[in-house]
Structure formats: C-alpha cells, structure tokens
Amino acid sequence: MVEFDDTFRRHLHELFVWRRDVRRFRSDPLPDRAVDRLIETACLSPSVGLSQPWRFVIVDDAARRRAVIDDFKACNADALNCYSGERAARYATLKLSGLEQAPGHLAVFADKATDVGHGLGRATMPETTEYSVVAAITAMWLAARAEGIGLGWVSILNPDRIHAILDVPDTWKFIAYLCIGYPEVECDQPELEQAKWEHRRGAEEFTLRR
C-alpha cells in the first residue's frame with residue numbers, strides 16, 4: 001500500500017491553491033508529447049461504470065484554430081451584449097481566452113453513445129457521463145500545473161460550430177476547449193478576482209448539515 005506523508009499532503013494542497021485558469025501565455029513551445037502525457041494522466045480519472053467516455057481532439061491545424069478563434073470572438077460579442085452599464089464596461093476589459101497565444105489547443109468531448117461500461121450507473125443519472133469527463137479535465141489541470149504548464153478553459157464558444165469545425169461524431173457532446181502553454185505569470189489568486197469581477201468565497205457558504 002502506498003502511503004502519503006504530511007509533506008506530500010502539504011505540497012498537494014499547494015498544487016490546488018496555485019492551479020489557475022490561465023488566459024495569458026508565453027509563446028514558448030510545449031515539450032514533445034507534453035499534451036499526450038496530460039491526456040494519459042486524465043485517463044486515470046474515475047468514470048461512471050468505468051465507461052471512460054472522454055474523447056480528446058488535439059487541434060494543430062491552423063485553419064481549424066482560426067475558425068475556433070473566430071467563433072469565440074462572435075460568441076464573446078454576444079455575451080457582452082448581455083451586460084449593461086458598469087458591468088458591461090468591466091466585461092469588455094476582461095481577457096477571456098488565450099486562443100491566439102497558447103501553443104496547445106485541445107478540445108474535449110463526452111461520448112454519450114459509448115457502450116463501454118454497459119450503461120452501469122447511467123440509467124438514473126445519464127449526466128454522469130459528462131461529469132466523468134469533467135473529472136478527467138480536473139486531473140489534467142492539476143497535472144499540467146505540476147509541470148509548470150498553464151491550462152485555460154474557454155467556454156464562450158458555440159458547441160454546434162465547434163462540432164462542425166472539428167468534424168467529430170454527432171454522439172460526442174462538447175465539454176471543453178482548452179488552451180495549453182506556459183503562463184506569463186504565476187499567481188495564487190484567480191484572474192477574475194484580480195479584475196474585481198467576482199471574489200472567491202469560503203467553503204462555509206456552500207455547506208449544509210442535515
């Protein structure tokens with residue numbers, strides 16, 4: 001049995017504290033197979049019924065990347081229109097994507113039609129397929145940070161257009177588009193908190209006892 005000591009647990013906590021959703025990347029290329037290693041770590045994650053529903057698409061093609069960037073810009077303009085006044089002005093100053101700077105682009109999907117796992121655990125909560133993929137992304141996020149690599153999750157995208165751009169099966173549900181690269185700066189405070197968009201709250205605000 002593997003045992004983890006207090007030093008390891010302290011370092012693990014520090015890893016959680018210093019994990020960031022990165023938007024500002026350096027132009028340095030990633031090491032060979034860096035993204036492949038992160039995917040391998042993600043695949044160690046738990047999944048409902050051991051279904052392993054995650055599907056990863058490494059996006060290297062320049063034309064597809066440009067199409068994703070264009071979609072982000074269109075969706076971001078629409079999102080800006082949802083705000084008004086001071087909040088709209090603040091939104092307009094936020095950097096919400098590192099798509100043009102990050103050396104690595106990775107799209108992540110959930111295969112809702114997979115028969116791996118024989119449907120175990122999904123009859124009453126089919127959404128656990130998507131939850132499993134999110135758990136894998138979280139593992140990847142932490143593994144990347146441990147290597148000094150930054151990861152940014154871009155959610156301001158149109159799923160149908162991303163499907164078309166990447167030409168993936170209809171049964172795959174779009175979960176995340178990830179920018180991967182070396183961050184310009186390291187910080188233990190979320191960028192949105194630094195920008196005074198929102199502030200992080202303590203666990204007591206989200207915990208009930210029954």
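**Notes on a predicted model**

1. Please keep in mind that the model is predicted. I begin with serine 51, which is buried, its relative accessible area being 1%. Serine 51 is found in the loop that runs between helix H2 (34-42) and strand S1 (54-58).

2. As for the surroundings of this residue, a polar atom of the side chain of serine 51 lies 2.7 Å from the backbone oxygen of valine 48. When residues up to four places away in sequence are not counted, serine 51 touches Thr114, Val116, Gly117 and Arg122.

3. The largest nonpolar core has 28 residues, and those that touch the most other members are Val57, Leu99, Phe109, Leu157, Ile162, Leu166 and Tyr177. Two or more residues come from each of helix H3 (62-80), strand S2 (104-111), helix H6 (159-166) and strand S4 (172-181), and H3 gives the most, with five residues.

4. Tyrosine 177 deserves a separate look: with neighbours within four places in sequence left aside, its contacts include Val59, Val68, Leu99, His105, Trp153, Leu157 and Leu166. There is also a second, separate core of 26 residues, with Ala34, Ala136, Ile137 and Leu151 among them.

5. Finally, helix H1 (residues 6-18) packs with helix H5 (residues 128-146) at an angle of about 105°, their axes being 10 Å apart, and the two helices are therefore roughly perpendicular to each other. Leu15, Phe16 and Trp18 of H1 make the contact with Leu142, Arg145 and Ala146 of H5; by class, this contact has five nonpolar residues, one charged residue and no polar ones.

Conventions: Residues numbered from 1 in each chain as written. Predicted model: local features only at pLDDT ≥ 70, side-chain atom pairs only at ≥ 80, totals over all residues. Heavy atoms only, no water. Axes fitted to C-alpha atoms, helices over the stretch in contact; angles between N-to-C directions. Helix = DSSP H or I, 4+ residues; strand = E, 2+ residues; numbered from the N terminus. Parallel < 35°, antiparallel > 145°, perpendicular 65-115°, else oblique. Contact = heavy atoms within 4.5 Å. Nonpolar A, V, L, I, M, F, W, Y, C, P; charged D, E, K, R; others polar. Buried < 20%, exposed > 50% of the residue type's maximum accessible area, 1.4 Å probe, protein only. Polar contact = N/O pair within 3.5 Å; in protein donor to acceptor, adjacent residues only side chain to side chain. Core = buried A, V, L, I, M, F, W, Y, C linked by side-chain atoms within 4.5 Å.
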